[in-house]
Amino acid sequence: MDNKFSKILTLVAGLIGLIAFYFFIRIVMVGDDIIETDAEVQASIVSPFINFAKFVLIATGVIAVVFSILNLVKHPQVLKRTLLGVAALVVILVIAYSVSSDAAVLDVSGRVLEDGEAGSVSKWVSTGINFSAILGVIGLGFFVVDFVRSLAK
């Protein structure tokens with residue numbers, strides 16, 4: 001990264017930090033009790049801070065995605081590895097979906113929980129849990145293999 005670009009990034013980060021600090025000071029000066037009880041004060045003090053935080057979050061996400069895509073286009077070998085990784089995740093997702101249950105969610109006494117009816121929502125929740133568990137087992141497996149290798153050295 002060249003020096004000019006680094007200085008620009010430092011200035012932008014500093015500006016974002018100053019704006020956030022300004023909002024922080026406004027909130028601290030007003031106090032928690034007034035903010036919690038007065039909706040007008042909450043709208044004038046907290047809402048702009050939340051909107052600023054949303055803007056920074058969205059801008060950061062967009063910039064990260066754009067630069068990632070540009071990097072993938074510039075380096076075809078990395079693009080190939082990325083597509084293989086995405087394909088592996090899709091395969092794991094299909095496996096997790098196929099073993100997931102779409103049954104109703106029950107409490108300990110056997111009654112259906114509120115919004116726990118059987119159907120596609122229940123199936124996708126179960127898929128998410130199974131997908132996370134499968135990835136956790138794979139990660140744990142790689143950790144154990146790496147640990148054993150480091151002990152063998």
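The following legends describe views of a predicted model of one protein chain.

**View 1. Overall fold of the protein chain.** The protein chain holds five helices and zero strands. Read from the N terminus, the order of its elements is α-α-α-α-α. Along the principal axes, the C-alpha atoms occupy a box of roughly 55 × 55 × 35 Å. The radius of gyration is 24 Å, whereas a compact globule of 153 residues would have a value near 15 Å.

View 2. Of the 153 residues, 10% are buried.

View 3. The protein chain carries 11 positive and 12 negative charges. A distance of 24 Å separates the mean position of the positive charges from that of the negative charges.

View 4. Helix α1 spans residues 3–30, a run of 28 residues. From its first C-alpha to its last, helix α1 reaches 41 Å, close to the 40 Å expected at 1.5 Å a residue.

**View 5. Ile8 within helix α1.** Ile8 is situated in helix α1. Its relative accessibility is 46%; because this value falls between the 20% and 50% limits, Ile8 is classed as partly exposed. Ser132 is 124 residues from Ile8 in sequence, and the two C-alpha atoms are 39 Å apart in space.

**View 6. Asp102 in the loop between α4 and α5.** Asp102 is placed in the loop that connects α4 (76–98) and α5 (120–152). The relative accessible area of Asp102 is 43%, so this residue is partly exposed rather than buried, a term kept for values under 20%. Leu135 lies 33 residues from Asp102 along the chain, with a C-alpha separation of 21 Å.

Conventions. Residues are numbered from 1 along each chain as its sequence is written. This is a predicted model: local features need pLDDT of at least 70, side-chain atom pairs count only at pLDDT 80 or more; totals for chains, interfaces and linings use all residues. Side-chain values use heavy atoms; hydrogens and water are left out. Helices (H or I, at least four residues) and strands (E, at least two) are DSSP runs, numbered from the N terminus. The expected span of a helix is 1.5 Å times one less than its number of residues. The radius of gyration is taken over C-alpha atoms; the globule rule is 2.2 Å times the number of residues to the power 0.38. Buried means under 20% relative accessible area, exposed over 50%, partly exposed in between (1.4 Å probe, protein chains only). Lys and Arg count as positive and Asp and Glu as negative; His and the chain ends are not counted. The place of a charge is taken as NZ of Lys, CZ of Arg, CG of Asp or CD of Glu.
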